[in-house]
Amino acid sequence: MKALVFERHGGPEVLRYAEVAEPEPGPAEVLVRVSACALNHLDLWVRAGLPGVPIPLPHIPGSDVAGVVARIGPGVTAVKPGQKVLLAPGVSCRKCPPCLAGLDNRCPQFTNLGYLIDGGCAEFVRCPEVNCFPYPENLSFEQAAAVPLVFQTAWHMLVTRAQIEAGEEVLVLGAGSGVGSAAIQIAKLFGCRVIGTGGSEAKLARARELGADECILHQKRGARTQGIKEEVRRLTGKRGVDIVFEHVGTATWEDSVASLARGGRLVTCGATTGYDAKVDLRFLFSRQLSVLGSYMGTKSEFATVVKLVAAGRLRPVVDRSFPLKEGEAAHRYLEAGDQFGKVVLLVA
Ligand SMILES: [Zn+2]
């Protein structure tokens, strides 16, 4: 089969569109013919190499897969060949206490398709049958592939970790990112007032279309962002917001903490601009703040977001698609950070 593969870590130039062996589905596994696979920042990090993370080489990246079941392994009962599926990205042991409690993203062996195992940037991907979810028929393959990781992650952050409540005020950093565009929609589903931040007027206009009530233009990443905490203060009558949705890291952290109202929760799933951060403990205790870490999401949460997407209550946002063989160009495009929503690879 054809696949986007790399044999060593590095820049986008290490990606090759090459012929590789087709995987064989084992017991309780399926082989899915990939129609579309969306990219995530995770793909860029996996390709570049992460300290202390032994990614098996050669490696096929790609976590967000929409496609059709091609073949099934022994014992598979949940799906049949020919069935359209949307794949949950998370793969876990299914036997440990967190897995048995439904908290599969806390499994010690938890990984994603395309992270420590081969992913969907290929004509076929192998995955456990439990990762196959009913296909949202209102969406094209391109749109469906833009759903999994970002909506599952944003749902876990806002609903499970930050325990969002109706009518709260929510600051969404990086509203133009895939995860930011999902967060805006989820917060609006809960009837919240959403303040989005973005690096260009064009991105802020798109954020408003998705439901953001207020928008703050901040500097592009690299330098420290300006004006977020002052603007949040102004927009909330000096109160601050109940939830800050973080994934930017060093560049916005100080503003994010300072934007919280008393009792506010900061929830973070990433650190795109760096992981050095400082918290003034006096503010943490006297303002009764919570700082919450969040990592991916559970299959149960995935089922919920797929249901809401199928009902048209949440909408995937596709910025641009590339054919699979132009994966290198797609990585460069995502790395430049000018997109609004997801970048998708289409497999012919
Ligand atoms: Zn487990």
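**View 1. Val 170 stands opposite Ile 243 of strand 13.** The model shown in this and the following views is predicted. Strand 10, residues 169-172, pairs with strand 13, residues 241-246, in the parallel sense. Three bridges link strand 10 and strand 13.

View 2. Strands of a sheet pair through backbone hydrogen bonds, and the pairing can be parallel or antiparallel.

**View 3. Strand 3 and strand 8 run antiparallel.** Strand 3 covers residues 29-38 and is joined to strand 8 by five bridges. Glu 29 has Pro 128 in strand 8 as its bridge partner. Strand 8 comprises residues 124-128 and is mostly covered, with four of its five residues buried.

**View 4. Four cysteines coordinate the zinc ion.** The donor atoms are the SG atoms of Cys 93, Cys 96, Cys 99 and Cys 107, at 2.3 to 2.4 Å. The angles among the four donor atoms are 105 to 118°, and the site is tetrahedral. Along the sequence, the donor residues follow the spacing C-x2-C-x2-C-x7-C. Cys 93 has a relative accessible area of 19% and therefore counts as buried, the cut-off being under 20%. Cys 99 is also buried, with a relative accessible area of 12%.

**View 5. Helix 7 packs with helix 8.** Helix 7 consists of residues 228-235 and helix 8 of residues 250-258. Their axes are 8 Å apart and the packing angle is about 25°. Helix 7 and helix 8 are therefore roughly parallel to each other, because angles under 35 degrees count as such. The crossing of these two helices, helix 7 and helix 8, is right-handed.

**View 6. Helix 4 crosses helix 10 at roughly 110°.** The axes of helix 4 (residues 148-161) and helix 10 (residues 299-310) come within 9 Å. Helix 4 and helix 10 make a right-handed crossing.

Conventions
Residues numbered from 1 in each chain as written. Predicted model: local features only at pLDDT ≥ 70, side-chain atom pairs only at ≥ 80, totals over all residues. Heavy atoms only, no water. Donors = N, O, S within 2.8 Å, 3.2 Å for Na, K, Ca; no water. Tetrahedral: all angles 85-135°; square planar, octahedral: opposite > 155°, others 65-115°. Buried < 20%, exposed > 50% of the residue type's maximum accessible area, 1.4 Å probe, protein only. Pairing = 2+ DSSP bridges. Axes fitted to C-alpha atoms, helices over the stretch in contact; angles between N-to-C directions. Parallel < 35°, antiparallel > 145°, perpendicular 65-115°, else oblique. Left-handed = near helix turned anticlockwise from the far one by under 90°.
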